[in-house]
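Come and read along with me.

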Amino acid sequence: MNREEALALVKPHLTDHRYTHTVGVTDTAIKLAKRYGANSKQAELAGIFHDYAKFRNKEEMRTLVKGKLTNNILILEYSSELLHAPCGAYYVENEIGIKDEEILNAIRYHTTGRVGMTLLEKVIFLADYIEPGRDFKGVDEVRELATIDLDKAIIQMLVNTISFLMKRQQQVFPTTIETYNDFIKKQKKKEK
Ligand code: DGI
Ligand code: FE
Ligand code: FE
């Protein structure tokens, strides 16, 4: 599947704003892949489809989690915004026919990350945060770090995201905290 075919498949599922975001994530992911040695074709497809389920019916996604995706059952106690990542990976496999497990995992973990992220997963996770359309407080610092050190950029992104959620007294999903701890642990090892 080439870029144009993939974009045409995702477009009907997105608003114009989310489609622009998707193209931004895709181009950013390709750049990060080239910079850090990930596969840019995989980064392109994962970027294009990462928010495929962003506007799916929430009840439909909750039913999917209770049925075929019970590994993700804890999500039901947290923000419904978390559903589109694991459910998206499922729909992309079953509706679009992408079987590449590395691409599917990059979609599956793009909102919370996970312990032991692959290079491709990191590229999508970070690209989603720093694409040119993003205007988060502190995003420029993360963009700068992204040109120098992928893991340091992700740590700063996680600090920003977790602080943001905490300042608003929102729940923080355990996997997000575990992802942060995993990056910090590995960073400390590198510095030894
Ligand atoms: O889908 P996007 O908007 O491009 O970005 P995303 O997939 O990172 O989703 C962001 C949403 O998910 C945003 O509303 C904040 C929420 N979110 C991310 N991590 C956590 C979280 N919400 C909770 N409650 N806990 C988290 O750890
Ligand atoms: Fe998303
Ligand atoms: Fe996104």
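This is a predicted model: local features need pLDDT of at least 70, side-chain atom pairs count only at pLDDT 80 or more; totals for chains, interfaces and linings use all residues.

**Around ligand 1**

Where does ligand 1 sit? I found ligand 1 in the largest pocket.

Then I looked up polar side-chain atoms beside oxygen atoms of ligand 1. For H21, I noted a polar side-chain atom 3.0 Å from an oxygen atom of ligand 1. H110 also has a polar side-chain atom 3.0 Å from an oxygen atom of the ligand. For D51, the distance from a polar side-chain atom to a ligand 1 oxygen is 3.2 Å. I also checked how much of ligand 1 is covered: taken alone it exposes 570 Å², and the protein buries 82% of that.

**The iron ion, ligand 2**

Which residues coordinate the iron ion (ligand 2)? I wrote down D51 through OD, and H84 and H110 each through NE2, at 2.1 to 2.2 Å. In sequence, these donor residues are spaced D-x32-H-x25-H. I traced one pair, D51 and H84, and saw that it links distant parts of the chain, 33 residues apart. D51 is in the loop between α3 (40-49) and α4 (58-67), while H84 is in helix α5 (residues 84-96).

**The iron ion, ligand 3**

I turned to the iron ion (ligand 3) and listed its donors: H21 (NE2), H50 (NE2), D51 (OD) and D128 (OD), at 2.2 to 2.3 Å. Along the chain they follow the spacing H-x28-H-D-x76-D.

How far apart are the two iron ions, ligand 3 and ligand 2? I noted 3.5 Å, with D51 coordinating both. Why does the pair H21 and D51 tie together separate parts of the sequence? H21 lies in helix α2 (residues 16-36) and D51 in the loop between α3 and α4, so the pair joins parts that are 30 residues apart in sequence.

Technical notes: Residues are numbered from 1 along each chain as its sequence is written. Chains are lettered from A and ligands numbered from 1 in the order in which they are written. Side-chain values use heavy atoms; hydrogens and water are left out. A polar contact is a pair of N or O atoms within 3.5 Å; within protein, one must be able to donate a hydrogen and the other to accept it, and residues adjacent in sequence count only if both atoms are side-chain atoms. Accessible areas come from the Shrake-Rupley method with a 1.4 Å probe; for residues, only the protein chains shown count as cover. On a 1 Å grid over the protein atoms alone, a cavity is a set of points where a 1.4 Å probe fits but cannot get out, and a pocket is an open set with protein on both sides within 12 Å along at least five of seven lines; lining residues have an atom within 4 Å of a point. A molecule sits in a cavity or pocket if more than half of its atoms lie within 2 Å of its grid points. Donors are N, O and S atoms within 2.8 Å of the metal (3.2 Å for Na, K and Ca); water is not among the atoms, so sites may look incomplete. Helices (H or I, at least four residues) and strands (E, at least two) are DSSP runs, numbered from the N terminus.
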